[in-house]
Amino acid sequence: MIFSWTQQTFVRDLFDWFEIYGREHLPWRVDRAPYNVWVSEIMLQQTQVAKVLDYYSRFLEKFPNVSTLAEADEEEVLRLWEGLGYYRRARQLHAAARQIVERFGGVFPSRYEDVLSLPGVGRYTAGAIMSFAYDKHYPILEANTQRLFSRLIALRTPTAASESQKRLWEIAGSFVSRETCDSPRIINTALMDLGSLICTPNAPQCEKCPLQNACEAFKKDLTKQIPVAKKKVFYENRHEIALVIWENAQKKRVCLVRCKDSGRWGGLWDFPRAVVLGDEVDFDFAQNFTKNLVGLALKKVALLQTFRHGVTKYRIFLECFEAFCEDAGDIFEKTPEGECVQWVEVQKLRQFPLSSTGRQIAQILESGLDETSKIC
Ligand code: SF4
């Protein structure tokens with residue numbers, strides 16, 4: 001049974017709690033212009049608030065409104081997004097800004113269907129924009145409220161299951177029903193904050209929770225079992241190489257490749273990379289790889305730096321080699337995979353949006369660090 005949560009007295013306790021502990025100081029809550037709310041919501045997808053804060057203020061400084069974002073180059077947008085991950089979000093944000101200019105004369109739409117039609121905007125984001133920016137009666141369901149609602153009703157099925165999702169959206173809807181809810185903005189924000197600050201994944205602080213009396217998981221002592229665990233993620237080890245290919249021994253220009261839009265760093269630039277299937281990387285490996293990729297022969301390859309990092313389910317051991325071309329010459333304009341290739345001066349690397357390890361390699365090159373330790 002779904003009942004109207006807002007008719008219950010404990011919701012007043014939620015408001016009281018929110019007045020004291022709510023995060024109304026967050027910049028996208030101080031200035032709730034639809035554009036600001038939209039940018040923040042896209043940034044917050046799968047990213048912690050603490051990480052988003054700096055990115056958000058830099059982004060708003062550079063692109064204060066839809067028109068400035070629409071006029072920008074995609075690479076400028078990606079450069080500001082660099083390090084935030086999930087780069088598709090940035091490209092969709094940029095594409096959506098252009099659509100807002102073309103379809104809505106540069107004014108952020110205020111109809112739910114129009115907001116939902118923008119690239120990168122799903123049901124949650126559209127609901128968040130409608131309720132946070134316009135205070136309209138639209139529900140939201142994201143990681144924090146999903147966990148909170150699952151515990152409130154002691155949901156025993158995995159939250160991602162379609163039947164669970166249906167129930168959770170119904171509960172989200174009942175909190176913001178037109179009949180009983182005066183401010184959907186406040187109730188949605190309070191629920192998100194409660195989920196994020198109190199009803200945390202591993203150690204919910206039930207003793208501080210204003211919804212404790214209504215919580216089935218608390219009553220049944222099931223807070224540790226709910227939400228029902230997702231399928232365990234199995235991490236895969238992976239060995240990759242990145243090549244800093246110098247045009248010649250003077251080490252002025254290096255070869256960069258623009259990652260395909262559909263890839264993990266779509267739209268960013270990177271040093272050429274490959275997955276290593278055997279154990280050893282030797283000169284022949286680097287030579288063949290470079291020849292196929294950009295059409296140049298190498299005369300020397302040396303290990304520059306190693307990294308360990310994680311991307312989605314991969315735990316990556318990355319060896320970065322620097323390689324020198326035998327004869328400076330034209331490189332292919334595109335790799336066999338269709339990615340653009342370009343010689344770039346080291347001083348100009350900071351203008352290019354790079355993958356996170358690509359940026360670390362660029363910084364090594366910029367600082368002139370040369371830790372050559374192994375010649376292949
Ligand atoms: Fe979450 Fe505990 Fe509150 Fe229930 S009582 S909603 S488990 S914090």
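Colleague: Leaving aside neighbours within four places in sequence, with which residues is Trp38 in contact?

Modeller: Contact means heavy atoms within 4.5 Å. In this predicted model, local features need pLDDT of at least 70, side-chain atom pairs count only at pLDDT 80 or more, and totals for chains, interfaces and linings use all residues. Residues are numbered from 1 along each chain as its sequence is written, and side-chain values use heavy atoms, with hydrogens and water left out. With neighbours within four places set aside, Trp38 touches Leu69, Leu93, Ala96, Ala97, Ile100, Phe108, Val121 and Ile129.

Colleague: How many residues does the largest nonpolar core have?

Modeller: In soluble globular proteins, nonpolar side chains tend to be buried together. A nonpolar core is a set of buried Ala, Val, Leu, Ile, Met, Phe, Trp, Tyr and Cys residues joined through side-chain atoms within 4.5 Å; buried means under 20% relative accessible area, exposed over 50%, partly exposed in between (1.4 Å probe, protein chains only). Here the largest core has 70 residues, and Trp38, Phe59 and Leu365 have the most contacts inside it. Its largest share, seven residues, comes from helix H3 (residues 34–44); helices (H or I, at least four residues) are DSSP runs, numbered from the N terminus. A second, separate core of 32 residues includes Val11, Ala154, Leu168 and Cys181.

Colleague: Is Thr159 buried or exposed?

Modeller: Thr159 is buried, at a relative accessible area of 11%. Its place is in the loop between helix H10 (143–152) and helix H11 (162–175). Leaving aside neighbours within four places in sequence, Thr159 is in contact with Gln146, Ser150, Ser164, Gln165, Leu168 and Pro227.

Note on methods
Helix = DSSP H or I, 4+ residues; strand = E, 2+ residues; numbered from the N terminus.
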